[in-house]
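Here is a short briefing on one protein chain.

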Amino acid sequence: MKQVDMYVPRENVSEVTAVLTKHEVAGISIGEVKGKGKTPHEPVPEMVRMYHYGKKVAPEFVTRVHLSTVIPDLKVKPIIDDLLKLKPMRGMVFVRDILEAYDLQSKDVGDAAIS
């Protein structure tokens, strides 16, 4: 099993979830996070006390959507391949090993717990 963490702009969330749905991913966690990476940030209008001024500033941190899921090993490569085909797409994907999974309600273990 693998845990796949994806950080994408809000406008790409529907495309990413469509890829995960296509591959019958059972569960997805979604949340908004702020972060800073290697991609330069686009300047936005400066806001001071609820008023916009003509000056534009590049924010130090930008908002991204964090999607996380746990999937069987065999699904990782096809999902990553489909994500790479999306245009235009920005973001990052991290894949890490999950040693064990337990479904406390059904008592399933391993791949059965995440299906």
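Ser-68 lies in strand β5; strands (E, at least two residues) and helices (H or I, at least four) are DSSP runs numbered from the N terminus. This is a predicted model: local features need pLDDT of at least 70, side-chain atom pairs count only at pLDDT 80 or more, and totals for chains, interfaces and linings use all residues. Residues are numbered from 1 along each chain as its sequence is written, and side-chain values use heavy atoms, with hydrogens and water left out.

**Ser-68**
- Ser-68 counts as buried because its relative accessibility is 14%; buried means under 20% relative accessible area, exposed over 50%, and partly exposed in between (1.4 Å probe, protein chains only).
- Its side chain makes a polar contact with the side chain of Asp-5 at 2.7 Å. A polar contact is a pair of N or O atoms within 3.5 Å; within protein, one must be able to donate a hydrogen and the other to accept it, and residues adjacent in sequence count only if both atoms are side-chain atoms.
- Leaving out residues up to four places away in sequence, Ser-68 touches Gln-3, Val-4, Asp-5, Gly-27, Ile-28 and Ser-29 (contact: heavy atoms within 4.5 Å).

**Fold**
- The protein chain has 3 helices and 6 strands, in the order β-α-β-β-β-β-α-β-α.
- Of the contacts with a separation of 6 or more, 74% join residues 24 or more positions apart.
- Buried residues make up 25% of the 115 residues.

**Core**
- The largest nonpolar core has 14 residues; Met-6, Val-16, Leu-20, Leu-67, Ile-71, Ile-79 and Leu-83 have the most contacts inside it. Such a core is a set of buried Ala, Val, Leu, Ile, Met, Phe, Trp, Tyr and Cys residues joined through side-chain atoms within 4.5 Å.
- β1 (2-8), α1 (13-22), β5 (62-71) and α2 (73-85) each give two or more residues to this core. α1 gives the most, with 4 residues.
- Beyond its neighbours within four places in sequence, Leu-83 contacts Met-6, Val-16, Val-19, Met-89 and Val-93.

**Backbone**
- Most residues other than glycine have a negative phi, and most peptide bonds are trans.
- Lys-87 and Pro-88 are joined by a cis peptide bond, with omega about -20°. Pro-88 lies in the loop between α2 and β6.
- Glu-24 has a positive phi, near 55°. Its place is the loop between α1 and β2 (29-35).
- Glu-24 is exposed because its relative accessible area is 64%.
- Lys-107 has a positive phi, near 70°. This residue sits in the loop between β6 and α3.
- Lys-107 is exposed because its relative accessible area is 63%.
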